[in-house]
Structures are given as structure tokens and as C-alpha cells.
Amino acid sequence: MAEYDYDLFVIGVGSGGVRAARMSASYGARVATAEDKYMGGTCVNVGCVPKKLLVYASHFSEDFDNAQGFGWSKAEPDFDWTTLISNKDKEISRLNGIYKGLLDDAGVTHFDGRARIVDAHHISISDRVVSTQKILIATGGWPVVPHFPGNDLVITSNEAFHLPTLPKRTLVVGGGYIAVEFAGIFAGLGSESHLSYRGPLFLRGFDEDVRQTVTSEIVKKGVNLHLNSNVLKIEKNADDSLQVYFEDNVSMTFDCVMYATGRVPAVEDLGLEHVNVNCRDNGAIIVDEHFRTSEPSIFALGDVTDRIQLTPVAIAEAMVFASTYFRDQPLHMDYTNIATAVFCQPNIGTVGLTEHQARDTHANVDVYRSNFRALKHTLSGSDEKTLMKLIVDRDTDKVLGVHMVGPEAGEIIQGIAIALKAGATKAVFDATIGIHPTMAEEFVTMRQTVSS
Ligand SMILES: Cc1cc2nc3c(=O)[nH]c(=O)nc-3n(C[C@H](O)[C@H](O)[C@H](O)COP(=O)(O)OP(=O)(O)OC[C@H]3O[C@@H](n4cnc5c(N)ncnc54)[C@H](O)[C@@H]3O)c2cc1C
């Protein structure tokens, strides 16, 4: 008889947890999972998927305007938030069912409810305790709102997906990708959208040209930017609107204030005090390159380890974990050249080093940059600009980084990321024949360096 009820117990069935559970089960492990709230995790329920649906919705207003230059008569479109949210919810329920089906089909035993670690080999879910040889913590992250008077009046991205109506005036506070994306969503849908960030320029960590380009582009799309701006307190008015007091003696009225000022690893009430799992100050679980914590039977991956917080990263880590421990084929996670997109409008797509990082780590760097108005906008009348940028190591000719701000930048950069992973040189980019007329062809036709 087996010593434990399960070989693996996965806490949290988000992007990483589902993949780790079903792959481990497919290699023959007896696997159980527990989920507190969201079948499929953050990405499916309150992250990537619903966000992208809202981005699509918000882009139509611009498309209606652009259509006139192509001969379409001016329409008076009417937007209904309730329809959007209810259609989005239907799609999320469908996905929830698919994720549950994936676990069932793999033979995973699933428990609905919050899991708590009892000791290094026991988990409790409600009043039930099960034993397991290994525990995988894949509990993700949770948004945090700083402490200030009136912070209970604000929402986070979790609630933004379920607002009963579209607010007339919205303030988004934060400088990361979620803040910038939501400011664009609200603006596109017709809310008077404001974005407040305490620093001089948002999207820290992205290439400087990308940050500058997005700053000017989102303003053109109707986002009111407040940089170097700090909220002091928020009060509720008699008509339920929110009075926001900023540091510089300015006060403004909004109907909704959304904070996107960061996420913390979800380790609260997990029972970590019963085991020897070391965490960083922000709660992030410390793991080695094989996802081992300081407790030999406990492992962690995904956002709860606070490394690269992206769905495909959590999934790739889960594949490595399952293969290493349940197929007996140890793999290593490669964190280099991970491409990413920001679905602000226009989108950002990026892979590899920023110009700044390249100059810090390489002696001789060539930069190729193109800033142009896309063919579509010669007729649409929009003054949207597209940015494309290549960073090249002059000594080896290797392309170190590729950055884009423009329509479908994520789709374009995904293809370019394969080239970077394969170690493509600038000569390979130059030898590639472009597809005409596209924006992406610019990446293979840039010949003139802009700075060295
Ligand atoms: C608004 C927003 C937009 C995003 N957009 C993108 C994007 O465009 N592209 C991208 O790649 N990434 C995006 N992300 C990030 C992405 O969602 C995460 O990186 C990814 O979901 C992390 O996966 P995970 O498995 O680590 O955790 P999660 O997917 O967060 O799953 C963790 C699960 O564990 C559950 N849980 C927590 N504690 C317990 C417990 N004690 N017992 C039982 N269950 C528990 C939670 O309910 C949750 O379902 C976005 C995130 C947000 C918030």
C-alpha cells in the first residue's frame, strides 16, 4: 500500500498549477489539486484573457473613426458595457469547464476549496486532511493597495472585470503594464480616463524609446496623464462619486479609482508557518533552479516565486517541474529572451535586451530605429506612430533586443523571438526578404544605425 494518498498535491490551479498537475499525472503520478476561487487561475479569470477581450472591445471606437477615411459614413455606435461583460463571463465559464475537463481527463483528483499546509506531507482542505509525498505551491499573486485614507474606496483589476456599469470618469493609479492597459481600455470604451503615476515615466524596465513612444501615443488616444503625481487621500461625495486629493493641492472627481500598484505572492493563510519554507520579505517563496524550497518535499513555481510574472513562464516552469520529478528527465528552465507584450494602444511587443541593458553589458552596440506612420493611417487620418527598434552587438553581429510599439506588436514580436532564440545575427535579418506591404517588413530593411 502506498505510504501517501498522493504523489503530488498542487495548491492552486492557475497557469502553472494546471499544467504541472496534468503533466505529472500523464507521467503516471497520483495527483490531487485544490483551488480556492478561480478554475484556471488569474490568467483565465481576472488576467490575460478577459483583459484582452476588453482591449478588443475598446479598440472599436478608434476603428469606427478610422473607417471614415476609407469611405465609410460616420456611424453613431452605441456601446453597452453589460453586453460586453456578460459575453466575457460566458467565455470565461466555458474556459473554466475546459480547465476542469483537462484535470479530469488526466485522472487528477480535484478539491474545491482553500488548501492549507499542515506539515511537510499533509494538506487540509475544509475539514479534510490528505497526505502527499510532494507539495507544489502554485498559488500565484494578489493585487495590493497601499495604505492611505480612503484606500477602501478603490478597486483593483480583480473588480474592474465585474463593474456593474462603465464609469464616466476613471482614475487608474500605477505605472506597470496593467495600469497602462486599463487606462487605454477605459478611454477606448468612452470613459474619461486618467492615469496617475508617481514617477516621471511609466513602464519601468522597458526600453526608453518604447516608454517615450507609448507616453505620446496614449495621450493621443485620450488618456489624461498625470506623471510625478501622488494620491494623498480619497473621500466619497454625497452623490457616491470619489473625490481624489493629490499631493500638489489638486483635487479631482471620479466615479471609479482603480489601483494597479503591484501584486504580492499569495502566501497568506497557506500554513507556511508549519514548515521550513523560506520566503523573501514580500512573501515570495525562495526556490532553486529545480523549484525546490528549503523544505525537501515542498516545491513552488509561477507568480508565487515572484520572478517573471507571465502565464507562459508559469506554464514552462510547470513542464520542467513535471518532467524533472515524474518522468525522470530533468530539464532546465531557460529565462533568456522571453518575449512579452503590453496591450496598451498601440501595443508593445518586446524581446531581449533594452538599449540601456545592452550598453551596460556589451562594449559595442549598434541601434537601428524606425519611427513611421503606418500605411493604413495615410487614409484613416490617425496620427498614430509606429516604433521599431533593433539592438545589435557590433562585435558578434548578434541581435540582442527587438522592440516595437504598434498595432499587433505582440503578434509580430512572437515570430521575431524565435529568431532571437536561434541566435540570429543582423546579417540574417538583412538576408530575410520582407513581406510587402506590412509594418513588420521594417525589421528586415533597417540598414542605418542611429547611434553607436
Ligand atoms: C490584470 C492582469 C493581466 C495580465 N495579463 C497578462 C498577459 O497579458 N500575459 C501574460 O503572460 N500574463 C499576464 N498576467 C499575469 C498572469 O496572469 C500570471 O503570470 C499567471 O496567471 C501566473 O500563473 P500562476 O500559476 O503562478 O498563478 P495564478 O494563475 O494566479 O493561479 C494561482 C491560483 O491559486 C489559487 N490559490 C491561491 N491560494 C490558494 C490556496 N491556499 N488554496 C487553493 N487555491 C489557492 C488562486 O485562486 C489562483 O487561482 C496578467 C495578470 C493580471 C492580474
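Helices here are DSSP runs of H or I with at least four residues, strands are E runs of at least two, and both are numbered from the N terminus. The model is predicted.

**Stop 1: the ligand shell**

The shell holds 37 residues. Gly16, Glu35, Thr42, Lys51 and Asp303 are the closest. Now colour by element of secondary structure. Six elements each supply at least two shell residues: helix H1 (15–26), strand S2 (31–35), helix H2 (41–46), helix H3 (48–67), helix H6 (177–189) and helix H8 (311–326). Which of them gives the largest share of the shell? Helix H2 does, with four residues. The shell has 15 nonpolar residues, 15 polar ones and seven charged ones.

**Stop 2: backbone contacts to the ligand**

Show backbone N and O atoms next. Start at Asp303, where one such atom lies 2.8 Å from a ligand oxygen. Move to Asp36: a polar backbone atom there is 3.1 Å from a nitrogen of the ligand. Then pick Ser15, whose backbone N or O atom sits 3.3 Å from a ligand oxygen. Taken alone, the ligand exposes 1000 Å², and the protein buries 95% of that.

**Stop 3: a nonpolar patch**

Select Phe70, Trp72 and Leu379. Together they make a nonpolar surface patch of about 380 Å². Centre on Trp72, in the loop between H3 and helix H4 (81–105). Is Trp72 buried or exposed? Its relative accessibility is 64%, so Trp72 counts as exposed; the cut-off for that class is over 50%.

**Stop 4: a buried threonine**

Go to strand S18 (residues 348–352) and pick Thr350. Thr350 counts as buried because its relative accessibility is 8%. Show side chains here. Thr350 and His403 are joined by a side-chain polar contact of 2.8 Å.

**Stop 5: salt bridges**

Side chains of opposite charge can pair when their charged atoms come close. The structure holds 27 salt bridges.

- Select Glu91 and Arg94. Their side chains meet in a salt bridge, 2.9 Å from N to O. The two are three residues apart in helix H4, so about one helical turn separates them. Glu91 is partly exposed at 25% relative accessible area, and Arg94 is partly exposed at 47%.
- Select Arg116 and Asp269. The closest N and O atoms of this salt bridge are 2.7 Å apart. Arg116 is in strand S4 (residues 115–119), while Asp269 is in the loop between strand S15 (263–265) and strand S16 (298–300), so the pair ties together parts that are 153 residues apart in sequence. Arg116 is partly exposed, with a relative accessible area of 31%. Asp269 is partly exposed too, at 41%.
- Select Lys426 and Asp430. Their salt bridge has its closest N and O atoms 2.6 Å apart. Both residues lie in helix H12 (residues 426–431), four residues apart, so about one helical turn separates them. Lys426 is buried, at 3% relative accessible area, whereas Asp430 is partly exposed at 27%.

**Last stop: a network**

Select Asp207, Asp209, Glu355, Arg359, Arg369 and Lys389. Which interaction links these residues? They are joined in a network of salt bridges.

Technical notes. Residues are numbered from 1 along each chain as its sequence is written. This is a predicted model: local features need pLDDT of at least 70, side-chain atom pairs count only at pLDDT 80 or more; totals for chains, interfaces and linings use all residues. Side-chain values use heavy atoms; hydrogens and water are left out. A residue is near a molecule or strand if one of its heavy atoms lies within 4 Å of it. A polar contact is a pair of N or O atoms within 3.5 Å; within protein, one must be able to donate a hydrogen and the other to accept it, and residues adjacent in sequence count only if both atoms are side-chain atoms. Accessible areas come from the Shrake-Rupley method with a 1.4 Å probe; for residues, only the protein chains shown count as cover. Ala, Val, Leu, Ile, Met, Phe, Trp, Tyr, Cys and Pro count as nonpolar, Asp, Glu, Lys and Arg as charged, and the others, Gly among them, as polar. Patches are made of residues with over 30% relative accessible area and no salt bridge: like charges are joined within 9 Å, nonpolar side chains (Val, Leu, Ile, Met, Phe, Trp, Tyr) within 5 Å. A salt bridge is a side-chain nitrogen of Lys or Arg within 4 Å of a carboxyl oxygen of Asp or Glu. Buried means under 20% relative accessible area, exposed over 50%, partly exposed in between (1.4 Å probe, protein chains only).
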